[in-house]
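Subject: Structure handed over, with notes

Dear colleague,

I am passing on the structure that you will be working with, and my notes on it come after the display.

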Amino acid sequence: MGCSKGVSFDADIDIPDLSGKVIVLTGGNNGLGKETILQLAKHNPAKIFMGARSEEKAATAIREIKESVPDARISFLEMDLASFASVKKAAESVLASSSRLDILINNAGIMATPAATTEDGYEIQFGTNHMGHALLTKLLLPLLEKTANEPNSDVRIINLSSSAHTQAPKEGLLLSEVKSPMASTSTWVLYGQSKLANVYFTRQLAKLYPRIKSVAVHPGSNVGTNISSSLKQSSKIMIPLIFISSRFFAIPVKDGALNQLWAATGPNEDVKQAAFYYPVGVEFEGSPMVNDPKMAEKLWDFTETELREHGF
């Protein structure tokens with residue numbers, strides 16, 4: 001997994017001044033997303049778009065963040081990653097209201113949900129964790145590239161993956177099956193598949209858009225977020241184990257957000273293009289499956305074809 005010693009990173013001290021920067025983050029109304037926005041807001045960015053499904057929950061989160069950072073400039077960005085139409089509307093809102101975009105943090109995710117498909121027909125975890133973010137990124141790339149071409153720019157895309165990528169199917173990605181609920185496959189395997197896709201997507205972004213720094217991050221195992229709320233119907237055996245684990249061994253969200261905060265704002269020379277980082281700033285050397293460029297290209301081509309067929 002690379003060296004075991006991570007980077008020392010204090011969000012209050014080590015995040016630089018973000019004056020003038022515009023940031024988009026998905027899944028921003030709770031957990032890692034809310035904490036990430038709170039810490040970024042302390043450093044004076046021009047604007048942060050908080051992607052969330054619920055305006056009510058986002059408004060509550062923004063109000064709570066402003067209790068700590070009264071002058072935080074945060075805007076609710078309505079977005080359901082399981083709906084291409086919703087993602088398109090969100091991207092259009094960003095493009096209409098901002099002339100630049102410096103940091104895109106694809107933070108939102110669902111985990112180990114019951115078998116289902118997205119509005120557009122993809123297995124729910126793959127569709128939400130990968131396809132939704134892939135469309136959002138595609139639609140925002142022109143603005144990201146425009147910003148990257150400006151003097152002294154430092155444009156980054158941070159994709160949240162997970163150590164659970166190791167639970168993906170032994171074949172890597174079952175792309176011939178993802179346009180179905182994949183009900184006969186373990187929900188944990190499907191979660192792993194979506195998290196492996198996040199790494200592959202990052203690698204191809206970095207390769208095809210070298211002026212934008214793209215990295216994947218694992219926030220840490222057992223961070224105390226509400227992502228496990230999706231487990232309620234998925235496993236009677238796992239629920240008590242996860243409850244005990246999260247109750248007594250969870251990493252505080254404040255610590256869980258550090259890896260993505262470092263990746264988004266740490267010294268440019270320290271954050272490596274196309275890397276996959278474990279907390280904090282520890283490069284994951286990977287495995288033959290993770291480091292498979294052909295599978296990364298196959299996912300990219302599949303995704304582009306699918307998005308084109310949906311009119312994007």
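This is a predicted model: local features need pLDDT of at least 70, side-chain atom pairs count only at pLDDT 80 or more; totals for chains, interfaces and linings use all residues.

I begin with helix α4, which covers residues 84-97, and helix α5, which covers residues 124-148; the two pack at an angle of about 25°, and their axes lie 9 Å apart. Because an angle under 35 degrees counts as roughly parallel, α4 is roughly parallel to α5. The crossing in which α4 passes α5 is right-handed. On the α4 side the contact is made by F84, V87, K88, A91, V94 and L95, and these meet M131, G132, L135, L136, L139, L140 and L143 of α5. Sorted by class, the residues of this contact between α4 and α5 are 11 nonpolar, 1 polar and 1 charged.

The second pair is formed by helix α2 (residues 31-41) and helix α9 (residues 258-265), which pack at an angle of about 45° with their axes 10 Å apart. The two helices α2 and α9 are therefore oblique to each other, and their crossing is right-handed. Here L32, T36, Q39 and L40 of α2 meet Q260, L261 and T265 of α9, and the residues of this contact comprise 3 nonpolar and 4 polar ones, with no charged residue among them.

By class, the lining of the largest cavity is made up of 6 polar, 3 nonpolar and 1 charged residues.

Finally, where does A115 sit? A115 belongs to the loop between β4 (103-106) and α5. Although A115 and S184 are separated by 69 residues in sequence, their C-alpha atoms are 8.7 Å apart in space. When the neighbours of A115 within four places in sequence are left aside, the residues in contact with A115 are P181 and A183.

With best wishes

Terms used
Residues are numbered from 1 along each chain as its sequence is written. Side-chain values use heavy atoms; hydrogens and water are left out. Axes are lines fitted to C-alpha atoms, for helices over the stretch in contact, and angles run from 0 to 180 degrees between N-to-C directions. Helices (H or I, at least four residues) and strands (E, at least two) are DSSP runs, numbered from the N terminus. Angles under 35 degrees count as roughly parallel, over 145 as roughly antiparallel, 65 to 115 as roughly perpendicular and the rest as oblique. A crossing is left-handed if the near helix is turned anticlockwise from the far one by less than a right angle, and right-handed if clockwise. Contact means heavy atoms within 4.5 Å. Ala, Val, Leu, Ile, Met, Phe, Trp, Tyr, Cys and Pro count as nonpolar, Asp, Glu, Lys and Arg as charged, and the others, Gly among them, as polar.
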